[in-house]
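Please open the structure in a viewer and keep the selection tool at hand. The stops below may be visited in order.

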Amino acid sequence: MSTNRFLLIKALGNSLWGEVDHVMCQILAAELTNRIPVVYWGMESLYSGSLTTNGYELFFEPVSEYTFHDMARREYTYYPPVWKVENVLAEDTDRLRMENRDLKSMMKSDANVVVSDIYYPIRALLPWIKSDHWAYGKTPHQIYRRLFDTYLKLKPEITKEIKKFTNTNPNFRDEKPIIGVHVKGSAIVNEVAQLYDLNEFYKPNIWQFIVRYNARHLFVITDSNKIFNQYKKLYGKNDMLIYTDSKKVPLKERIATCLLDYPNKRHKGVELVKDTIEIIKDTYLAAQCDFFIGNGYSNLSNTVMRLRDWPDTNIKLLY
């Protein structure tokens, strides 16, 4: 692979797993265009407090041996043309105008550095996959699975936190099978019609898994205090309900982090890092469950699906 062809994958300003989705798709684009992928979550990200802080690497290992510093060279050319060495780490507030950001132009660019700050799904990249590439003939889900296994590596301290939970929680460690459940609350009520009706479908599906597979525990993830209390009332008897330490205090009804307006972006990164680590822990613990029921519109639920090879009978994303 050429060492002077890069794809700089910038943040979109979305929530964590939406950003990771973008990263995985663009890593595939980098492979298809013989570029070295570098992920940089700067000031446009929810998770970075300064131009010199790469929010991605607060949680995940780099996707290549190169950093954003390696691409800031005066002799390099950049695409789209708005970028140059002086501003490549800044945010383009006009990016949604899509000027020079159509997928064809970006894939065919000969610039040393192509900057990606627009989301293109895996399906949009399928026509670019040639027969000698590993992704040829595979479904988007199969492609996601390999990309996640190959490139998404947690920081050791976060892996340690996950192992600490499994090792110190005998119900999660020893008493199988466990159903993982992710139930969205108010965070996407404006994005998904009839969300509350959708959430009622969880209960019969949970019951089917309990009866059919004699499930012993329910590992619940939710952003809603109201939903958490409902589940505690329904499944809290006989120590059936499992949740992480962050759920042992009353949960706050909150807006999705990607929709929050922070007047000072240098403050929001510090505030969100701890909560984000808890989200990562919940997601990876759900992927360790024997069964999973989630929301098909949720990036978290889709990430749980992509983190491992689930038998078709063991996972269900509603809606």
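The tour begins with the whole chain and then turns to selected residues.

**Before starting**

This is a predicted model, in which local features need pLDDT of at least 70 and side-chain atom pairs count only at pLDDT 80 or more, while totals for chains, interfaces and linings use all residues. Residues are numbered from 1 along each chain as its sequence is written, and side-chain values use heavy atoms, with hydrogens and water left out.

**Stop 1: the whole chain**

Display the chain as a cartoon. The protein chain contains 11 helices and 9 strands; these are DSSP runs numbered from the N terminus, helices being H or I with at least four residues and strands E with at least two. Of its 319 residues, 54% count as buried. Buried here means under 20% relative accessible area, exposed means over 50%, and partly exposed lies in between (1.4 Å probe, protein chains only). Among contacts with a separation of 6 or more, 69% are between residues 24 or more positions apart, a contact being heavy atoms within 4.5 Å. The accessible surface of the protein chain is about 15,700 Å², and 50% of that belongs to carbon and sulfur atoms; the areas come from the Shrake-Rupley method with a 1.4 Å probe, and for residues only the protein chains shown count as cover.

**Stop 2: aromatic pairs**

A pair of aromatic rings is described by the distance of the centres and the angle of the planes. Rings of Phe, Tyr and Trp (its six-membered ring) pair if their centres lie within 6.5 Å; planes under 30 degrees apart count as stacked, over 60 as edge-to-face and the rest as tilted. The count by this rule is 20 aromatic pairs.

Select Phe 6 and Tyr 76, a tilted pair with 6.2 Å from centre to centre and 45° between the planes. Phe 6 belongs to strand β1 (residues 6–10) and Tyr 76 to the loop between β2 (36–40) and β3 (78–79), so the pair ties together parts 70 residues apart in sequence. Phe 6 and Tyr 76 are both buried.

Next, select Phe 292 and Trp 310, which also form a tilted pair, at 6.3 Å centre to centre and 40° between the planes. Since Phe 292 lies in strand β8 (residues 291–295) and Trp 310 in the loop between α11 (299–306) and β9 (315–318), the pair ties together parts that are 18 residues apart in sequence. Both of these residues, Phe 292 and Trp 310, are buried.

Then select Trp 17, Trp 41, Tyr 47, Tyr 56, Phe 59, Phe 60 and Tyr 284, which ring pairs link into a cluster.

**Stop 3: charges over rings**

Which ring does the charged end of Arg 306 sit over? Select Tyr 144: the charged end of Arg 306 is over its ring, 3.6 Å from the centre. A charge sits over a ring if NZ of Lys or CZ of Arg is within 6 Å of the ring centre and within 35 degrees of the ring normal. Return to Trp 310 as well, where Arg 308 lies over the face at 3.9 Å from the ring centre.

**Stop 4: salt bridges**

The structure holds 15 salt bridges, each a side-chain nitrogen of Lys or Arg within 4 Å of a carboxyl oxygen of Asp or Glu.

Move to Lys 281 and Glu 161, whose salt bridge has its closest N and O atoms 3.6 Å apart. Lys 281 is in helix α10 (residues 265–287) and Glu 161 in helix α5 (residues 156–168), 120 residues apart. Lys 281 is buried, at 5% relative accessible area, whereas Glu 161 is partly exposed, at 33%.

Select also Asp 92, Arg 101 and Asp 117, which a network of salt bridges links.

**Stop 5: the backbone**

Most residues other than glycine have a negative phi, and most peptide bonds are trans. Select Tyr 79 and Pro 80, which are joined by a cis peptide bond with omega of about 0°; Pro 80 is in the loop between β3 and α2 (103–108). Another cis peptide bond joins Lys 176 and Pro 177, with omega of about -5°.

Finish at Asn 34, which has a positive phi of about 55° although it is not a glycine. Asn 34 is in the loop between α1 and β2.
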